[in-house]
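Please open the model in your viewer and keep the selection panel at hand.

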Amino acid sequence: MQIRESAEDYLEAILYLSKTHEHVRSIDVVHHLGFSKPSVRVYLKNLRINGYINTDTNGHITLTDEGMSIATKIYERHQVLTDILVKLGVTKEVALEDACRLEHALSDESFDALKKYYTNVML
């Protein structure tokens with residue numbers, strides 16, 4: 001499975017939910033992303049088959065090392081881009097939405113430059 005924006009969103013959602021829930025279940029992903037149960041079930045199955053997540057007999061979802069690596073990268077991008085936009089005067093709601101789109105589109109080089117600028121100048 002090629003990692004696409006939607007896969008990154010799922011992995012990021014699982015990481016976020018793991019920080020706020022004792023156990024992550026598919027219904028938590030449904031509520032977080034606002035997708036239908038059947039759509040989430042199919043996508044989670046694909047992520048599991050391709051080695052990005054594990055599920056146990058209770059339906060608890062965890063990220064594999066590879067899934068965690070991708071999720072952490074996207075989550076960091078989301079947080080940094082949201083913070084930058086808010087500091088620039090964008091409302092939190094708009095910043096969150098825009099960061100979600102930008103996190104997938106930026107090259108590593110551009111993101112690293114923005115992060116460095118943010119860290120050294122904006123903080």
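This is a predicted model: local features need pLDDT of at least 70, side-chain atom pairs count only at pLDDT 80 or more; totals for chains, interfaces and linings use all residues.

Residues are numbered from 1 along each chain as its sequence is written, and side-chain values use heavy atoms, with hydrogens and water left out.

Begin by selecting Glu12, Tyr16, His32, His78 and Cys100, which lie nearest the centre of the largest pocket among its 17 lining residues. A pocket here is an open set of points on a 1 Å grid over the protein atoms alone, where a 1.4 Å probe fits, with protein on both sides within 12 Å along at least five of seven lines, and lining residues have an atom within 4 Å of a point. The volume of this largest pocket is about 360 Å³, counted as the space filled by probe spheres set on the points, which are joined across faces, edges and corners.

Next, colour helix H1 (5-20), helix H2 (26-33), helix H4 (65-87) and helix H5 (92-105), the elements that give two or more residues to the lining of the largest pocket; helices are DSSP runs (H or I, at least four residues), numbered from the N terminus. H1 gives the most, with 6 residues.

Now move to the second largest pocket, which holds about 250 Å³ of space, and select Ser26, Ile27, Val40, Arg41 and Leu44, the closest to its centre of the 13 residues that line it. H2 and helix H3 (37-49) each supply at least two residues of this lining, and H3 gives the most, with 6 residues.
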